[in-house]
Amino acid sequence: MFALLPILDQMESLYELPRDRGRFDAYLSLLKGTKKDDISLPIAGYNPMGKDMVLHKIRALKKLNAEQLIEEVTKEVNKELSNELPSEIKVALNLADDIGGSWSNKAPVDFSSKFLIEPLVKRNFCTPYVWTSEKITADTIRLRTKEYLFRTFYWIRYKRPKSLKDHLGQETFVAWKTAYNSYNVPLKLKEAKKFFIKNQDSQDYSLLFNFFYGDKASATLNYPTYGLSENLGFDFSRYLAKNKEFLGLNLDFFVE
(Lines give C-alpha, C1' and ligand atoms only; values in the text may rest on other atoms or scores of the structure.)
Protein backbone atom coordinates (compact mmCIF):
# COMPACT_ATOMS: atom_id res chain seq x y z
CA MET A 1 0.00 0.00 0.00
CA PHE A 2 1.00 3.63 -0.44
CA ALA A 3 1.55 5.70 2.70
CA LEU A 4 2.36 9.38 3.17
CA LEU A 5 5.90 10.20 4.32
CA PRO A 6 5.63 13.74 5.75
CA ILE A 7 8.71 15.83 4.96
CA LEU A 8 7.58 19.45 4.56
CA ASP A 9 8.28 20.38 8.19
CA GLN A 10 11.82 19.06 7.87
CA MET A 11 12.34 20.82 4.56
CA GLU A 12 11.03 24.09 5.98
CA SER A 13 13.52 23.84 8.84
CA LEU A 14 16.29 23.05 6.35
CA TYR A 15 15.61 26.11 4.19
CA GLU A 16 15.42 28.33 7.27
CA LEU A 17 19.13 27.65 7.76
CA PRO A 18 21.66 30.08 6.28
CA ARG A 19 22.39 29.32 2.63
CA ASP A 20 25.89 27.97 3.20
CA ARG A 21 27.86 24.76 3.64
CA GLY A 22 26.04 24.06 6.88
CA ARG A 23 22.72 23.80 5.07
CA PHE A 24 24.21 21.53 2.42
CA ASP A 25 25.60 19.21 5.10
CA ALA A 26 22.22 19.21 6.87
CA TYR A 27 20.57 18.25 3.58
CA LEU A 28 22.97 15.34 3.10
CA SER A 29 22.27 14.22 6.64
CA LEU A 30 18.54 14.14 5.90
CA LEU A 31 19.06 12.45 2.54
CA LYS A 32 21.34 9.69 3.80
CA GLY A 33 20.47 9.41 7.50
CA THR A 34 22.66 6.69 8.98
CA LYS A 35 23.17 5.11 5.54
CA LYS A 36 26.49 6.30 4.15
CA ASP A 37 25.95 4.96 0.65
CA ASP A 38 22.18 4.91 0.38
CA ILE A 39 19.06 7.06 0.61
CA SER A 40 17.20 7.35 3.88
CA LEU A 41 14.80 10.15 2.92
CA PRO A 42 13.68 10.60 -0.72
CA ILE A 43 14.37 14.33 -1.15
CA ALA A 44 16.68 14.27 -4.18
CA GLY A 45 14.30 16.59 -6.06
CA TYR A 46 15.06 19.46 -3.67
CA ASN A 47 17.92 21.84 -4.40
CA PRO A 48 19.68 22.14 -1.02
CA MET A 49 21.03 25.59 -1.89
CA GLY A 50 17.71 26.99 -3.10
CA LYS A 51 16.94 30.64 -2.43
CA ASP A 52 14.18 32.17 -0.30
CA MET A 53 11.59 31.46 -3.00
CA VAL A 54 11.84 27.74 -2.21
CA LEU A 55 11.13 28.36 1.46
CA HIS A 56 8.12 30.53 0.54
CA LYS A 57 6.84 27.76 -1.73
CA ILE A 58 7.19 25.15 1.01
CA ARG A 59 5.21 27.36 3.37
CA ALA A 60 2.56 27.81 0.67
CA LEU A 61 2.35 24.02 0.28
CA LYS A 62 1.87 23.66 4.02
CA LYS A 63 -0.84 26.32 4.01
CA LEU A 64 -2.51 24.37 1.21
CA ASN A 65 -2.39 21.24 3.39
CA ALA A 66 -0.55 19.51 0.55
CA GLU A 67 0.48 16.48 2.58
CA GLN A 68 -3.05 15.96 3.86
CA LEU A 69 -4.22 16.01 0.24
CA ILE A 70 -1.56 13.45 -0.67
CA GLU A 71 -2.69 11.22 2.16
CA GLU A 72 -6.28 11.41 0.92
CA VAL A 73 -5.20 10.41 -2.60
CA THR A 74 -3.10 7.51 -1.34
CA LYS A 75 -6.13 6.15 0.51
CA GLU A 76 -8.25 6.40 -2.63
CA VAL A 77 -5.64 4.65 -4.76
CA ASN A 78 -5.03 1.96 -2.13
CA LYS A 79 -8.73 1.19 -2.16
CA GLU A 80 -8.71 0.95 -5.95
CA LEU A 81 -5.67 -1.33 -6.04
CA SER A 82 -7.11 -3.67 -3.39
CA ASN A 83 -3.77 -4.52 -1.77
CA GLU A 84 -2.03 -5.34 -5.07
CA LEU A 85 1.19 -3.73 -3.85
CA PRO A 86 3.62 -6.22 -2.27
CA SER A 87 4.86 -3.84 0.46
CA GLU A 88 4.37 -0.37 1.90
CA ILE A 89 5.60 2.41 -0.38
CA LYS A 90 6.34 5.77 1.22
CA VAL A 91 5.14 8.83 -0.72
CA ALA A 92 7.10 12.06 -0.26
CA LEU A 93 6.36 15.33 -2.05
CA ASN A 94 9.38 16.81 -3.85
CA LEU A 95 9.64 20.48 -4.79
CA ALA A 96 12.05 21.08 -7.68
CA ASP A 97 13.42 24.58 -8.21
CA ASP A 98 13.24 25.43 -11.91
CA ILE A 99 13.58 29.20 -11.47
CA GLY A 100 17.24 30.08 -11.30
CA GLY A 101 18.16 27.02 -9.29
CA SER A 102 20.21 23.93 -10.11
CA TRP A 103 17.18 22.37 -11.76
CA SER A 104 16.58 25.34 -14.10
CA ASN A 105 16.46 23.00 -17.09
CA LYS A 106 13.16 21.43 -16.12
CA ALA A 107 12.72 18.81 -18.85
CA PRO A 108 15.56 16.37 -17.98
CA VAL A 109 14.65 16.50 -14.29
CA ASP A 110 11.01 15.89 -15.15
CA PHE A 111 12.00 12.95 -17.40
CA SER A 112 14.04 11.37 -14.62
CA SER A 113 11.23 11.82 -12.10
CA LYS A 114 8.83 9.92 -14.38
CA PHE A 115 10.93 7.36 -16.23
CA LEU A 116 14.15 6.75 -14.24
CA ILE A 117 12.61 5.75 -10.94
CA GLU A 118 14.13 2.31 -10.45
CA PRO A 119 16.29 3.39 -7.44
CA LEU A 120 13.17 4.76 -5.73
CA VAL A 121 10.99 1.75 -6.53
CA LYS A 122 13.64 -0.63 -5.18
CA ARG A 123 13.63 1.33 -1.92
CA ASN A 124 9.82 1.53 -1.73
CA PHE A 125 9.65 5.27 -2.34
CA CYS A 126 7.40 7.34 -4.58
CA THR A 127 8.11 11.05 -5.14
CA PRO A 128 5.44 13.22 -6.77
CA TYR A 129 7.06 16.39 -8.15
CA VAL A 130 5.86 19.98 -8.10
CA TRP A 131 7.84 22.98 -9.35
CA THR A 132 8.67 26.42 -8.01
CA SER A 133 7.48 27.95 -11.30
CA GLU A 134 3.98 26.48 -10.92
CA LYS A 135 0.87 27.99 -9.48
CA ILE A 136 0.06 25.02 -7.26
CA THR A 137 -3.52 24.34 -6.26
CA ALA A 138 -5.22 21.53 -4.38
CA ASP A 139 -6.17 20.01 -7.73
CA THR A 140 -2.52 20.16 -8.83
CA ILE A 141 -1.48 18.19 -5.76
CA ARG A 142 -4.22 15.60 -6.19
CA LEU A 143 -3.59 14.98 -9.89
CA ARG A 144 0.21 15.01 -9.61
CA THR A 145 0.13 12.58 -6.70
CA LYS A 146 -2.18 10.19 -8.50
CA GLU A 147 0.01 10.26 -11.62
CA TYR A 148 3.15 9.37 -9.69
CA LEU A 149 1.43 6.68 -7.65
CA PHE A 150 0.31 4.93 -10.81
CA ARG A 151 3.75 5.28 -12.42
CA THR A 152 5.20 3.46 -9.43
CA PHE A 153 2.49 0.83 -9.59
CA TYR A 154 3.14 0.36 -13.32
CA TRP A 155 6.80 -0.42 -12.62
CA ILE A 156 5.84 -2.96 -9.97
CA ARG A 157 2.93 -4.60 -11.75
CA TYR A 158 4.06 -4.53 -15.37
CA LYS A 159 7.65 -3.73 -16.27
CA ARG A 160 10.43 -1.20 -16.31
CA PRO A 161 10.03 0.80 -19.54
CA LYS A 162 12.93 0.43 -21.95
CA SER A 163 11.77 1.12 -25.50
CA LEU A 164 9.74 4.02 -26.82
CA LYS A 165 6.77 1.64 -26.92
CA ASP A 166 7.26 0.87 -23.21
CA HIS A 167 7.53 4.53 -22.26
CA LEU A 168 4.40 5.43 -24.18
CA GLY A 169 2.65 2.44 -22.61
CA GLN A 170 3.51 3.72 -19.12
CA GLU A 171 2.17 7.20 -19.78
CA THR A 172 -0.96 5.86 -21.48
CA PHE A 173 -1.60 3.76 -18.38
CA VAL A 174 -1.11 6.82 -16.15
CA ALA A 175 -3.44 8.94 -18.30
CA TRP A 176 -6.06 6.19 -18.30
CA LYS A 177 -5.95 5.64 -14.52
CA THR A 178 -6.06 9.34 -13.71
CA ALA A 179 -8.94 10.08 -16.13
CA TYR A 180 -6.89 12.94 -17.51
CA ASN A 181 -9.28 15.73 -18.54
CA SER A 182 -7.05 17.67 -20.96
CA TYR A 183 -7.69 15.49 -23.97
CA ASN A 184 -8.49 18.40 -26.26
CA VAL A 185 -4.93 19.70 -26.31
CA PRO A 186 -3.54 20.45 -29.78
CA LEU A 187 -2.11 17.18 -31.04
CA LYS A 188 -0.31 16.57 -34.31
CA LEU A 189 -1.70 13.05 -34.50
CA LYS A 190 -0.18 12.06 -37.84
CA GLU A 191 3.20 13.35 -36.69
CA ALA A 192 3.00 11.36 -33.46
CA LYS A 193 1.85 8.13 -35.14
CA LYS A 194 4.49 8.29 -37.85
CA PHE A 195 7.34 8.90 -35.44
CA PHE A 196 6.13 6.27 -33.00
CA ILE A 197 5.67 3.53 -35.60
CA LYS A 198 9.16 4.17 -37.00
CA ASN A 199 10.94 4.33 -33.65
CA GLN A 200 8.82 2.27 -31.25
CA ASP A 201 11.63 -0.22 -30.47
CA SER A 202 14.29 2.43 -29.91
CA GLN A 203 15.91 2.68 -26.47
CA ASP A 204 17.98 5.75 -27.33
CA TYR A 205 17.66 8.23 -24.48
CA SER A 206 17.86 11.34 -26.64
CA LEU A 207 15.13 10.02 -28.95
CA LEU A 208 12.86 9.09 -26.03
CA PHE A 209 13.46 12.51 -24.52
CA ASN A 210 12.66 14.28 -27.79
CA PHE A 211 9.39 12.38 -28.26
CA PHE A 212 8.06 13.53 -24.89
CA TYR A 213 9.57 17.03 -24.63
CA GLY A 214 10.11 18.15 -28.23
CA ASP A 215 12.79 19.90 -30.23
CA LYS A 216 13.12 22.99 -28.07
CA ALA A 217 14.01 21.02 -24.94
CA SER A 218 16.33 18.72 -26.89
CA ALA A 219 18.18 21.64 -28.49
CA THR A 220 19.04 23.13 -25.09
CA LEU A 221 20.88 19.89 -24.30
CA ASN A 222 22.48 19.54 -27.74
CA TYR A 223 20.46 16.38 -28.40
CA PRO A 224 19.30 15.43 -31.91
CA THR A 225 16.01 16.99 -32.98
CA TYR A 226 13.34 15.36 -35.11
CA GLY A 227 10.87 18.16 -35.76
CA LEU A 228 8.63 17.20 -32.83
CA SER A 229 6.44 19.63 -30.91
CA GLU A 230 6.61 20.23 -27.17
CA ASN A 231 5.07 17.52 -24.97
CA LEU A 232 4.01 15.49 -28.02
CA GLY A 233 4.50 12.10 -26.31
CA PHE A 234 2.43 13.08 -23.27
CA ASP A 235 -0.35 14.49 -25.43
CA PHE A 236 -0.30 11.33 -27.56
CA SER A 237 -0.56 9.10 -24.49
CA ARG A 238 -3.63 11.02 -23.33
CA TYR A 239 -5.17 10.63 -26.75
CA LEU A 240 -4.52 6.88 -26.66
CA ALA A 241 -5.99 6.59 -23.16
CA LYS A 242 -9.20 8.19 -24.37
CA ASN A 243 -9.47 6.60 -27.80
CA LYS A 244 -7.71 3.25 -27.22
CA GLU A 245 -6.01 3.29 -30.62
CA PHE A 246 -3.17 1.07 -29.49
CA LEU A 247 -0.87 1.11 -32.52
CA GLY A 248 0.53 -2.26 -31.50
CA LEU A 249 1.06 -1.32 -27.86
CA ASN A 250 0.77 -4.19 -25.42
CA LEU A 251 -1.59 -2.37 -23.08
CA ASP A 252 -2.84 -5.36 -21.10
CA PHE A 253 -4.31 -3.16 -18.41
CA PHE A 254 -7.16 -2.09 -20.67
CA VAL A 255 -8.62 -5.59 -20.72
CA GLU A 256 -8.41 -6.45 -17.04
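Predicted model: local features only at pLDDT ≥ 70, side-chain atom pairs only at ≥ 80, totals over all residues.
**View A. Ser-163 and the residues it touches.** Leaving out neighbours within four places in sequence, Ser-163 is in contact with Gln-200, Asp-201, Ser-202, Gln-203 and Leu-208, where contact means heavy atoms within 4.5 Å. Residues are numbered from 1 along each chain as its sequence is written, and side-chain values use heavy atoms, with hydrogens and water left out. Helices (H or I, at least four residues) and strands (E, at least two) are DSSP runs, numbered from the N terminus. With a relative accessible area of 9%, Ser-163 is buried; the cut-offs are under 20% for buried, over 50% for exposed and in between for partly exposed (1.4 Å probe, protein chains only).

**View B. The whole chain, for orientation.** The chain holds 11 helices and 5 strands. Of its 256 residues, 51% count as buried. Take the contacts with a separation of 6 or more: 73% of them come from residues 24 or more positions apart.

**View C. Tyr-239 and Ala-175.** Tyr-239 belongs to helix 11 (residues 232–243). At 17% relative accessibility, Tyr-239 counts as buried. From C-alpha to C-alpha, Tyr-239 and Ala-175 are 8.8 Å apart in space, against 64 residues in sequence.

View D. For two strands to pair, DSSP has to find at least two bridges between them. Strand 2 (residues 89–91) and strand 4 run parallel and are joined by 2 bridges. Zoom in on Lys-90 and you find Phe-125 of strand 4 standing opposite. Lys-90 is partly exposed, with a relative accessible area of 28%.

**View E. The salt bridge between Glu-88 and Lys-90.** Lys-90 turns up again here, now as the partner of Glu-88 in a salt bridge whose closest N and O atoms are 3.1 Å apart. The term covers a side-chain nitrogen of Lys or Arg within 4 Å of a carboxyl oxygen of Asp or Glu. By that rule the structure has 17 salt bridges. Glu-88 has 39% relative accessibility and counts as partly exposed.

**View F. A salt bridge between two loops, Arg-123 to Asp-38.** The closest N and O atoms of Arg-123 and Asp-38 are 2.5 Å apart. This pair links distant parts of the chain, 85 residues apart: Arg-123 lies in the loop between helix 6 (118–122) and strand 4 (125–126), and Asp-38 in the loop between helix 2 (21–32) and helix 3 (52–63). Arg-123 is partly exposed at 33% relative accessibility, and Asp-38 is partly exposed at 28%.

View G. Glu-118 and Lys-122 form a salt bridge with the closest N and O atoms 3.6 Å apart. The two residues are separated by about one helical turn, because they are 4 residues apart in helix 6. Glu-118 counts as partly exposed at 30% relative accessibility, whereas Lys-122 counts as exposed at 62%. Shared partners also tie salt bridges into one network made of Asp-9, Glu-12, Glu-16, Arg-59 and Lys-62.

View H. How many cavities of 30 Å³ or more does the structure hold? There is 1, and the space in the largest cavity comes to about 50 Å³. A cavity is a set of points, on a 1 Å grid over the protein atoms alone, where a 1.4 Å probe fits but cannot get out; lining residues have an atom within 4 Å of a point. Grid points are joined across faces, edges and corners, and the volume is the space filled by probe spheres set on the points. The lining consists of Ser-113, Ile-117, Leu-120, Val-121, Phe-125, Cys-126, Thr-127, Tyr-148, Arg-151 and Thr-152. Helix 6, strand 4 and helix 7 (138–157) each supply at least two lining residues, and helix 7 gives the most, with 3. By class, the lining has 6 nonpolar, 3 polar and 1 charged residues (nonpolar: Ala, Val, Leu, Ile, Met, Phe, Trp, Tyr, Cys and Pro; charged: Asp, Glu, Lys and Arg; polar: the others, Gly among them).

Key
1 Å grid on protein atoms, 1.4 Å probe; cavity = no way out; pocket = protein on both sides within 12 Å on 5 of 7 lines; lining within 4 Å.
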